[in-house]
Amino acid sequence: MLYSRYFIPTVKETPSDAEVISHQLMLRAGMIRKLAAGIYNYLPLGLRSIRKFESIVREEMNRADAIEMLMPSVQPAELWQESGRWQFYGKELLRFKDRKDGEFCMGPTHEEVITDMVRREIKSYRQMPVNFYQIQTKFRDEIRPRFGLMRGREFIMKDAYSFDVDSSAADQSYEKMYNAYQRIFERCGLNFRAVEADTGSIGGSSSHEFMVLADSGEDAIVSCDACRYAANVEKAEARPFQAVTSTEQLPLQKTATPDMKTIADVAAFLGLTADKTIKTLVYSSGSGEHVMAILRGDHELNEIKLKNSLGWDEIQMATEEDILSITGSPVGFLGPLGLKEKVTVIADLAVQTMINVVIGANEKDMHLVNVNLGRDFVPDRFVDLRNVEAGDACPRCESGKLEMWRGIEVGHVFKLGTKYSQALNATYLDADGKEQVIFMGCYGIGIGRTVAAAIEQNHDENGIIFPLPIAPFHCSVVALNTKDKGVMAAAEEIYLKLEKLGIEVLFDDRDERPGVKFKDNDLIGIPLRIVVGSKGLADGNVELKIRKTGEVLLLPIEAAIEQIRQLVASALTCED
């Protein structure tokens, strides 16, 4: 491809509305342009990278025996009403009516549509296992679209759906897709983790998120430094502390703590550390149910863990009026002793090991000192409620410690079970002729989001550093002086020879200063660059630069071509 005939509208200035580096660089490199909030045009350079990634995804989906199809973006409300998600999904679901007043939505996902197709077409156990996938545009009406392709309203997604006769077979399909995702992101040259995750609004019994590690990642994840355990912080398990048994239980005392409403204030006032206090929080289900959660003062409550332990669909902080009614106290002085109304009390596992602690007295400006479990109060149950922290013991192995990372979610696999098949009556006849409910799994990858995440992970002050498998071009050939016939002839020869080898080349034949060409080539992130100049040619050499390492090699033309062939072949090799 000749640069002079291609469309790469690069810009020098960083756009003011671009917050993260991938958004900034994709705009500056001429890869995308904004049409409306969270909606983008994919320009030629950006589309090439997206298509590269799509090809890798297709190859691995096909390799995993998934079958490609394409479903409509517009979905009838009836299917969503049948599954129960029409009311539950919320305002992110873009709803509209057609000319006949029929209700529809723009598909943010396709569980209902694919389940409807399968219930019509699959009748026997002999037709399973089967896995259908598509690469298609989705729409979610995000309340605050931002970060370019990282959190848009319209986006390209690969989604797949597996159908099996039972839970054991569904586990095998899940494992197959998990392994396919591992290969996809490995082939892209990305540093990532597959982490245990909450199933969220999709539902199901288990799931893993695939996270590209980057400092700008919105999600906090943990991984063990000694074993393969990794999880999203929302899902990460906290290993219980060892109980302390040698400390004497001291007499309970009520102590004045005027205007001391926070854990930090109370601990400082009493001359204690925060781990000697208990934090008390009251939550509501939104439908009149309440729960009191208690945990060590220096720990943070994980609301997802609390919600899942209760089986609630949603969770929110209780109102001050409800808290006053339940405890008789304003916020800041709450505790599980002497409650005015009956309420379920759930304690974090770490509370089991605490002795002689400070807790709110359910009385304004008062706290209780030397409170002890069993003697003074007994929670209704103990649950893992807290966020894990760096340095915590691994919940899976004996020697490991947890490390904290920031990650960008680019893929998610779910074992759905029968949530959708049961709701939509997707059944089959087993070998005995009995009707059974189909078991499902679903598996998504954000296509544009992955390209953006690759940029978040691979860039420097000069621009993008694309991993070679998803770079828009493998190599650029830069002719320093287009008026020098010898330079142009040599550059064109290299360009044509590389193309014959199957190397994708951007030939920078523009009549621009060398500095402009170098800046543009660095900005758009082409992994390999050959520079052809009259001075080097006089010695029979060209300059080969490797963008990722900055390494520069002076090589004869044929040696440079062979070096590029080897580097590209090595990066694109897909091993079993």
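# Close-up views of a predicted model

**View 1. Strand β11 and its partners.** Strand β21 (residues 402-417) is joined to β11 by six bridges, and the two strands run antiparallel; strands pair if DSSP finds at least two bridges between them. Strands here are DSSP runs (E, at least two residues) and helices are runs of H or I (at least four residues), both numbered from the N terminus. The model is a predicted one, in which local features need pLDDT of at least 70 and side-chain atom pairs count only at pLDDT 80 or more, whereas totals for chains, interfaces and linings use all residues. Residues are numbered from 1 along each chain as its sequence is written, and side-chain values use heavy atoms, with hydrogens and water left out. Across the pairing with β21, D219 has G407 as its bridge partner. β11 also pairs with strand β12 (residues 230-232) in the antiparallel sense, over three bridges, and in β12 the bridge partner of S223 is A230. Because five of the six residues of β11 (residues 219-224) are buried, the strand is largely enclosed by the rest of the structure; buried means under 20% relative accessible area, exposed over 50%, and partly exposed in between (1.4 Å probe, protein chains only).

**View 2. The F192 and F210 ring pair.** The structure holds 13 aromatic pairs, counted where rings of Phe, Tyr and Trp (its six-membered ring) have centres within 6.5 Å, with planes under 30 degrees apart called stacked, over 60 edge-to-face and the rest tilted. In the pair shown, the ring centres of F192 and F210 lie 6.4 Å apart and the planes stand at 35°, so the pair is tilted. F192 belongs to strand β9 (residues 192-196) and F210 to strand β10 (residues 206-213), so the contact ties together parts that are 18 residues apart in sequence. F192 is buried, with a relative accessible area of 12%, and F210 is buried too, at 0%. Through ring pairs, F192 and F210 are linked with F53, Y178, Y181 and F185 into a cluster.

**View 3. Arginines over aromatic rings.** R193 lies over the face of W405, at 5.0 Å from the ring centre, and R296 lies over the face of F241, at 5.1 Å from the ring centre. A charge counts as sitting over a ring if NZ of Lys or CZ of Arg is within 6 Å of the ring centre and within 35 degrees of the ring normal.

**View 4. The largest nonpolar core.** This core has 61 residues, and those with the most contacts inside it are M31, F53, M61, Y181, I184, F185 and F210; a nonpolar core is a set of buried Ala, Val, Leu, Ile, Met, Phe, Trp, Tyr and Cys residues joined through side-chain atoms within 4.5 Å. Helix α6 (residues 167-187) supplies the largest share of this core, seven residues. Another core, of 25 residues, lies apart from it, and L468, F507, I561 and I564 are among its members. Not counting residues up to four places away in sequence, I184 touches F53, I56, V57, E60, M61 and I445, where contact means heavy atoms within 4.5 Å.

**View 5. N458 in its loop.** N458 is placed in the loop between α11 (447-457) and β25 (459-460), and at 12% relative accessibility N458 counts as buried. Leaving aside neighbours within four places in sequence, N458 is in contact with L190, I464, I465 and P467. Although N458 and A214 are 244 residues apart in sequence, their C-alpha atoms are 9.0 Å apart in space.

**View 6. An open sheet of five strands.** The strand order is β16-β14-β15-β17-β20, with mixed pairing. β16 (316-317) and β20 (381-383) stand at the edges with a single partner strand each, so one side of each is left without a neighbour in the sheet. Strand β14 (residues 278-284) and β16 pair in the antiparallel sense over two bridges, with S284 standing opposite Q316 in β16.
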